[in-house]
Amino acid sequence: MTVLGVVIFAVIFASTFFYKEKVQSEKDETENIFKAVVSCFKNRSFVVFEVLSFTVIFIQTILMQGVIYYFDAYKNVPMAFAYGALGVGAVFGVVLFASKTTKWGVKKCTLLMCVVFAIGATVMIFFGKYLPVALCCFFTAGMGFAGGMYLVPLMNGDVIDYDESVTGIRREGMYAGVNSLITKPAISLANAAFLMIIKWFGFDKTIKTELQTPWAKQGILVAWMAIPAILLIICAFSLKFYPLAGEKWNETKKMLEERHNK
């Protein structure tokens with residue numbers, strides 16, 4: 001970790017010499033912070049975005065926690081193969097979404113990501129102990145991770161663009177703060193949920209994971225994948241109410257781009 005810290009610091013420090021700041025020529029109008037927070041939630045696209053943003057943070061946390069238990073419980077699934085499938089899925093997801101976002105739009109790409117990821121998580125609950133199925137599900141998880149990392153920031157940008165088109169103010173900081181207020185608890189909830197669920201299935205923390213009962217091992221799969229699958233399905237349905245798509249929205253974005261250029 002120390003080596004990583006030093007290397008990452010060096011990369012970031014060196015890169016700052018090549019940044020060109022976009023100096024703000026005029027001060028934006030500000031408003032009361034409480035009114036600003038309330039107005040964020042009046043933005044329907046932001047509410048839908050938060051459902052997805054919360055889900056992505058929750059899933060990232062619970063999957064990273066559960067994977068440790070999973071490999072200890074199911075020794076027949078080689079870690080190298082599983083992570084290899086995850087990596088291939090992530091690369092495939094990045095290539096797919098990066099190439100199709102312009103044609104399909106962020107909304108359709110996000111819907112595809114949610115559906116594929118939800119199917120993979122659901123199948124993993126019931127058949128995750130079998131190697132071929134596990135590798136396929138790790139592949140879909142890789143696609144999901146790639147989609148979450150690539151599409152969520154794009155959706156966030158669209159939400160802020162829409163707010164600017166309505167209010168005339170660029171409130172990136174306000175939206176970032178409210179987003180953190182909602183998503184940070186997802187980390188604690190994910191950790192707590194996983195541990196509570198495996199306890200309900202009889203997981204005994206005093207013995208090794210590989211020696212747990214079959215029911216307790218099944219509980220690991222349920223705790224690991226059930227809530228992510230449910231949240232992803234909710235996300236897929238919530239996208240029905242996401243308005244930032246289609247020709248009208250593309251015209252609005254072009255108008256904003258022209259305004260920014262001026």
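In which crossing, left-handed or right-handed, does helix 3 pass helix 6? Keep that in mind as we walk through this predicted model.

**Stop 1: two helices side by side**

Select helix 3 (residues 44-73) and helix 6 (residues 131-167). Their axes come within 10 Å and cross at roughly 150 degrees. Because angles over 145 degrees count as roughly antiparallel, helix 3 is roughly antiparallel to helix 6. Here is the reply to the opening question: helix 3 passes helix 6 in a left-handed crossing.

Now show the side chains where the two meet. From helix 3, pick residues including Phe-46, Phe-49, Leu-52, Val-56 and Leu-63. From helix 6, the partners include Phe-138, Phe-145, Met-149, Val-152 and Val-159. Sorted by class, this contact of helix 3 with helix 6 has 15 nonpolar residues, 4 polar ones and no charged ones.

**Stop 2: Thr-55**

Stay on helix 3 and click Thr-55, which is found there. Is Thr-55 buried or exposed? With a relative accessible area of 2%, Thr-55 is buried. Setting aside its neighbours within four places in sequence, look for Leu-231, Leu-232 and Cys-235, which are in contact with Thr-55.

**Stop 3: Ala-223**

Next, move to helix 8 (residues 214-238) and select Ala-223. This residue has a relative accessible area of 0%, so Ala-223 is buried. Which residues touch Ala-223, leaving aside those within four places in sequence? Highlight Ile-62, Phe-194, Ile-197 and Ile-198 to see these contacts. For a sense of scale, draw a distance from the C-alpha atom of Ala-223 to that of Gly-168: they are 55 residues apart along the chain and separated by 45 Å.

**Stop 4: aromatic rings**

Finally, colour the aromatic side chains; the count comes to 20 aromatic pairs. Phe-9 and Phe-13 form a stacked pair, 5.8 Å centre to centre with 25 degrees between the planes. Both of these residues lie in helix 1 (residues 2-15), 4 residues apart, about one turn of the helix. Phe-9 is exposed at 54% relative accessible area, while Phe-13 counts as partly exposed at 47%.

Compare Phe-41 and Phe-46, an edge-to-face pair at 5.7 Å centre to centre and 75 degrees between the planes. Phe-41 is partly exposed, with 41% relative accessibility, whereas Phe-46 is buried, at 0%.

End the tour by selecting Tyr-70, Phe-71, Tyr-74, Tyr-83, Phe-138 and Trp-224, which form one aromatic cluster.

Terms used
Residues numbered from 1 in each chain as written. Predicted model: local features only at pLDDT ≥ 70, side-chain atom pairs only at ≥ 80, totals over all residues. Heavy atoms only, no water. Axes fitted to C-alpha atoms, helices over the stretch in contact; angles between N-to-C directions. Parallel < 35°, antiparallel > 145°, perpendicular 65-115°, else oblique. Left-handed = near helix turned anticlockwise from the far one by under 90°. Contact = heavy atoms within 4.5 Å. Nonpolar A, V, L, I, M, F, W, Y, C, P; charged D, E, K, R; others polar. Buried < 20%, exposed > 50% of the residue type's maximum accessible area, 1.4 Å probe, protein only. Phe/Tyr/Trp six-rings, centres within 6.5 Å; stacked < 30°, edge-to-face > 60°.
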